[in-house]
Amino acid sequence: MKKILGFIGAVALFAGVAGAQVLQSNGVQNTLSMSLGGHPHGSWWNDADDYGVRFYGFVETLQARIDISKFTVEGMLNWGALTNWNGGTFDTFYFKNTTITPFYYTNNENQGSWWTNGETESYYVNFLFHPIKGLDFGMGTRLEWKIGPAPSSYGNYWEPFAHIVQGGLKDAAPGGADVAGFTYYANNYTAHYANATKAALGVRYRYEDFIEAGIAIPSGVSTNAPLFNAAFMIHPADFISASIAYEGILQANGNFYTGLSLFLKSVTIDAYLAIDFRNRGDYSLTDQRWGTGAAVTFRIPKTAIVLRPEGAISVYTDPNYTMAWYAGARLDLPFAQQFVLGAWSSLAVGARDTRWNKDDYTNGFVFDIRPDFTWNINKNHSLSAFFDYQLRRAYNKKAHDYWATGLYWTFRK
């Protein structure tokens, strides 16, 4: 049962995370995955009456973290063998450093922002210096310094319990994507949304589990248009923590985030709010938005069962755009000491332009269900399988169904 509790504890740790995770302690994690998926040949703006199978091949993902004295070095490398993305034709295979995952096609067809299109980095390298207890100086391609809760994705895309973010909504104005309404929550203060980068220089101070304060300068910032990101978290009592962050300080636009967590006996309640002050392109045609959401994590007493429903809304500042929303839930059900049966399912309804003809255009929606199974062989090895089915109906009423399935062997030391 300790193995099951450890696994579920890791899932709970990821509950407030929207994106991938670096290792949280000294060690090595290696994942060998084999997956394939079905993807329509057409695009969301055209009819999709033909499907092709994508074979994602065998992808080796090696993560390592080394803590020596006052220094930490961490990195990751993805490498794919016999991968094929042509769909239906298997005459070409690749051996390459890859960013493609099954989410690349089952979620966003490479449309929308890099935060939601199902890609992961082909590598990351981070270096941290800890001159005194609690103080960190860091630089790297993915520091992943985060505070507070946000819509979940439960870890890295290649891990068995990953799932689509915010029900599969895309970051766009109505009409700019098949199902629009994704909201960016800036609780990762070492990333920068507008520059589409995760590389950064940063400094933070953490006093035990009481406070965290940090600032970061994302890669690509110039002295002509300086900016930095800042964040603060306080955990004044066992039952509550609060966080606030702002991305783009010293600029006229940016992203505001705040989050609150309540830790009760067998229940954790998370709530979060994001306000997007960015203007995209023509200032008269902005699709600024704000979003708010919440999640409740139930841990069944005397068991390792975890249930986490969550949901959120996105509201555009343009009065012609309607609200978008999603609701989803994750269940982890351990049994027979070494096995975990889990599932994620969600429904998302996109935003629409009220000026559209209702007979021709609608909000669009996404339904997703993703069961998975994990066998914790021992404390170092686990074997997992998943199946993901996604039904997407675009705002222009074009229909797309996607699926993906795969196996994962993970070694942790």
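1. In which sense do β6 and β7 pair, and over how many bridges? The two strands pair antiparallel, over six bridges. Pairing here requires that DSSP finds at least two bridges between two strands. Strands are DSSP runs of E with at least two residues, numbered from the N terminus. Within this pair, L135 has Y205 of β7 as its bridge partner.

2. On the basis of the notes: this is a predicted model, in which local features need pLDDT of at least 70 and side-chain atom pairs count only at pLDDT 80 or more, while totals for chains, interfaces and linings use all residues. Residues are numbered from 1 along each chain as its sequence is written, and side-chain values use heavy atoms, with hydrogens and water left out.

3. Strand β5 (residues 123-129) also pairs with β6, in an antiparallel arrangement with four bridges. N126 lies opposite G140 of β6. The hairpin of β5 and β6 has five residues between the strands, and G134 in this hairpin adopts a positive phi near 95 degrees.

4. The whole structure contains 15 salt bridges, each counted when a side-chain nitrogen of Lys or Arg is within 4 Å of a carboxyl oxygen of Asp or Glu. One of them joins R204 and D136, with 2.9 Å from N to O. The two residues are 68 apart in the chain, R204 in β7 (residues 200-207) and D136 in β6 (residues 135-140). A network of salt bridges links D136, R204 and R206.

5. R204 counts as buried because its relative accessibility is 11%, and D136 because its value is 5%.

6. A second salt bridge to check is that of E310 with R308, whose closest N and O atoms are 3.7 Å apart. E310 is buried at 5% relative accessibility, and R308 is buried at 1%.

7. In the salt bridge between D353 and R355, the closest N and O atoms are 2.8 Å apart.

Conventions:
Buried means under 20% relative accessible area, exposed over 50%, partly exposed in between (1.4 Å probe, protein chains only).
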